[in-house]
Amino acid sequence: MIVGMSALSRSEHALGREARRWRSQVVAWWHVLQLGAQILVLVLSPSSYTQGRSQRVLHHMYAASAPLLPWFLVLTALISLVIIRIVTATASSYGLSQYALEVLVRTLVLELIPLTAALFVALRHAMPGAEQLRAQLDARQRAGRSIPGVEGLAGTLLPRALASVHAVVLLAALAGVVALLLTYLMVHGLSPWAWPSYTRDVGAVFTPVVSLIFGFKTLFFSLAVAVVPLAGAAEPDQNGRFVPRSDMTEFARLFSVLLLVEIAALVGNYY
């Protein structure tokens, strides 16, 4: 009898713990959506770009993109060279060279580069900036100063969010151009005579539907990188404190959003 009551008590405790965990997840995602909506409203509001605020936005945009740009372009160029060589050599060995260019454009430009740009900006800028913001909120709380609500936080986070959006879009666009140029050089060499046929083949891949999906995917990637880490940093724990959190937990939350966007884009492109 005592053993049965003990097992029942453990089961109830486990169910209660699981229910609290799910409740905390729902609250966290609701906080992300609420803060993201507030930031989007401020982005569309002209009053957010007055003289003083516009300078802050430009400063954050420069800080988010300029230090990352050279390293990211070098990284994507090296990865692109490896993938281009593998795809062209494999296609040539099977007599499928006519399909190599389409495979490269779809693999590199449409799929890998936007996701790589989003992860690069998230790991090198957005998530470290979110940790700094959470440390500032914790220091402010320890000093006895009040923490602003969602609307006040959205106004504070707007320059950081716009900077992350700008960085992801800029890095993805420039890396895509670099990948296309490297593809041309690896396939056709330095000859300029293949340029018209090359641009025609690349344009055949970027149909209106594919281009629209590519644009929306890059935009949603940038919004996820801009909002999810900042929302996690501005969310208090169960005790209402802003103590440091696990980087892996925040990265897993962001990666799940990026994965959902990528799956939706794949479904739109190929189904």
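**Briefing: surface patch, ring pairs and salt bridges**

Tyr-271 sits in the segment after α8 (247–270). The model is predicted. Tyr-271 is exposed, at 84% relative accessible area, and belongs to a nonpolar surface patch.

**Nonpolar patch**
- The patch is formed by Phe-255, Leu-259, Ile-263, Leu-266, Val-267, Tyr-270 and Tyr-271.
- Together these residues have about 720 Å² of accessible area.

**Aromatic pairs**
- The count of aromatic pairs is seven.
- One of them joins Tyr-184 and Tyr-198 edge-to-face, with 5.1 Å centre to centre and 70 degrees between the planes.
- This pair links distant parts of the chain, since Tyr-184 is in helix α5 (residues 150–188) and Tyr-198 is in helix α6 (residues 195–205), 14 residues apart.
- Tyr-184 is buried, with a relative accessible area of 7%, and Tyr-198 is buried at 3%.
- Phe-206 and Phe-214 form an edge-to-face pair, 6.1 Å centre to centre with 80 degrees between the planes.
- Phe-206 is partly exposed, at 23% relative accessibility.
- Tyr-184, Trp-195 and Tyr-198 are linked into a cluster by ring pairs.

**Helix α6**
- Tyr-198, Val-202 and Val-205 are buried in α6.
- Viewed down the axis of α6, its buried residues fall within an arc of 50 degrees, so they line one face of the helix.
- Arg-200 and Ala-204 are exposed on the other side of α6.

**Salt bridge within α4**
- The count of salt bridges is three.
- One of them pairs the side chains of Glu-102 and Arg-106, at 3.2 Å from N to O.
- Both residues lie in helix α4 (residues 100–142), four residues apart, which is about one turn of the helix.
- Glu-102 is partly exposed, with a relative accessible area of 38%.
- Arg-106 counts as buried because its relative accessibility is 19% and the cut-off for buried is under 20%.

- The side chains of Glu-111 and Lys-217 meet in a salt bridge of 3.1 Å, N to O.
- Glu-111 is in helix α4 and Lys-217 in helix α7 (residues 208–233), so this pair ties together parts 106 residues apart in sequence.
- Glu-111 is buried, at 12% relative accessible area, and Lys-217 is buried at 3%.
- Glu-262 also forms a salt bridge with Lys-217, with the closest N and O atoms 3.6 Å apart.
- That pair links distant parts of the chain, with Glu-262 in helix α8 and Lys-217 in helix α7, 45 residues apart.
- Glu-262 and Lys-217 are both buried.
- Through shared partners, the salt bridges join Glu-111, Lys-217 and Glu-262 into one network.

Key: Residues numbered from 1 in each chain as written. Heavy atoms only, no water. Patch = residues over 30% accessible without salt bridge, like charges linked within 9 Å, V, L, I, M, F, W, Y side chains within 5 Å. Areas by Shrake-Rupley, 256 points an atom, 1.4 Å probe, with all protein chains shown as cover. Salt bridge = Lys/Arg side-chain N within 4 Å of Asp/Glu carboxyl O. Helix = DSSP H or I, 4+ residues; strand = E, 2+ residues; numbered from the N terminus. Buried < 20%, exposed > 50% of the residue type's maximum accessible area, 1.4 Å probe, protein only. Phe/Tyr/Trp six-rings, centres within 6.5 Å; stacked < 30°, edge-to-face > 60°. Arc of directions from axis to C-beta.
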